[in-house]
Amino acid sequence: MEVVSTNRSHGGTQGVYRHHSVETGTEMTFSVFVPGHAEGAKLPVIWFLSGLTCTHANVTEKGEFRAACAQHGVILVAPDTSPRGDDVPDDDAYDFGKGAGFYVDATQGPWAQHFRMRSYIETELPALIAAEFPADMDRQAITGHSMGGHGALTAALRNPGRFRSVSAFSPIVSPLNCPWGDKALTGYIDADRANWRAYDACALIADGARLPALLVDQGTADGFLEEQLKTHLLAEACDKAAQPATIRMQEGYDHSYYFISTFMAEHIGWHAGYLKL
């Protein structure tokens, strides 16, 4: 693991790191904030998965999470959204290819060789975090934004017992029912929509998967709400399955990091309540 940069912040260390990923076959960059702590202490971990076009840098620079993480004594890990490099295939559109890995393991060429973000997020990177940082992997939570909200929800639903709490900002709740999902899953997986259910939060809930605690914030002025995000589908799926959920429509907020940063500290504190139990 290569240290790209470290900066002192709120009594802790904000670092950016790079390593060679076996899963993606590329160099992968991620950021980790570690608050100040007693020597030998192990701290709970919150994962933040970013959205379309983003890297680790978006939330690291705009998320305004460090003060809350320092207050509650939690680590925040922010991975990239896709493999990158000259040998990695790409697409001219913003919503497919580099920066748009959708947190899936691709099965179709030319994407299958490198686009293995599900395995990277769920297996490889957690092992690295456990080995290199003072992380208590028995106390994990996960959150994310947009495509990353989709990633957070589905990763938690597929891995029962791993995360004590799950939240999301403006998540894509049902790739089976939106253009972003249709394009990504057709391209990365195949045209058989039955094979998409493992990557659809509403379908996973309908199929019996459950979350221990769920918080979602969605802005009412989000331009993607009606066509792509469709928050009401998650609310309906949770209601039908008796899945406890707090889904809040935040008046006047859009899809940007102005929205995320407004509620980030509240999400960190909410997760910390479960992580400290």
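In which sense do β7 and β8 pair, and over how many bridges? The two strands pair in the parallel sense over four bridges. Two strands are said to pair if DSSP finds at least two bridges between them.

## Basis of the model

This is a predicted model, in which local features need pLDDT of at least 70 and side-chain atom pairs count only at pLDDT 80 or more, while totals for chains, interfaces and linings use all residues. Residues are numbered from 1 along each chain as its sequence is written, and side-chain values use heavy atoms, with hydrogens and water left out.

## The sheet

An open sheet is formed by nine strands in the order β1-β2-β3-β5-β4-β6-β7-β8-β9, with mixed pairing. Its edge strands, each pairing on one side only, are β1 (2-9) and β9 (246-250). On average, and with direction ignored, neighbouring strands of this sheet are turned by 20 degrees against each other. Strands (E, at least two residues) and helices (H or I, at least four residues) are DSSP runs, numbered from the N terminus. In general, strands of a sheet pair through backbone hydrogen bonds, either parallel or antiparallel.

Six bridges link β4 and β6 in the parallel sense, and Val45 has Gln140 in β6 as its bridge partner. Gln140 also stands opposite Phe163 in β7. β6 and β7 run parallel and are joined by three bridges. Between these two strands the chain passes through α4, and this β-α-β crossover is right-handed; that is, with the strands pointing away from the viewer, the path from the first strand over the helix to the second runs clockwise.

Further along, Ala168 stands opposite Val216 in β8. Strand β8 (residues 214-219) pairs with β9 in the parallel sense over five bridges, and Gln218 stands opposite Met249 in β9.

Nine of the ten residues of β6 are buried, where buried means under 20% relative accessible area, exposed over 50%, and partly exposed in between (1.4 Å probe, protein chains only). Six of the seven residues of β7 are buried, so β7 is largely enclosed by the rest of the structure.

Val216, in strand β8, is buried with a relative accessible area of 0%. Apart from neighbours within four places in sequence, Val216 is in contact with Ala168, Pro171, Leu234, Thr246, Ile247 and Arg248; contact means heavy atoms within 4.5 Å. The C-alpha atoms of Val216 and Gly144 are separated by 9.8 Å, although these residues lie 72 residues apart along the chain.

## Helix α3 and the cores

Helix α3 (residues 117-132) bends by about 35 degrees at Leu125, and Pro126 follows within four residues. The bend at a residue is the angle between axes fitted to the seven residues ending there and the seven starting there. Buried residues of α3 include Tyr120, Leu125, Pro126 and Ile129. Among the elements that cover the buried residues of this helix are β2 (12-20), β3 (27-34) and α4.

The largest nonpolar core has 66 residues, and Ile129 and Tyr188 have the most contacts inside it. Such a core is a set of buried Ala, Val, Leu, Ile, Met, Phe, Trp, Tyr and Cys residues joined through side-chain atoms within 4.5 Å. Leaving aside neighbours within four places in sequence, Ile129 is in contact with Phe30, Val32, Trp47, Val77, Ala135 and Met137. A second, separate core of 20 residues includes Val59, Cys69, Leu76 and Phe259.

Note on methods: Axes fitted to C-alpha atoms, helices over the stretch in contact; angles between N-to-C directions.
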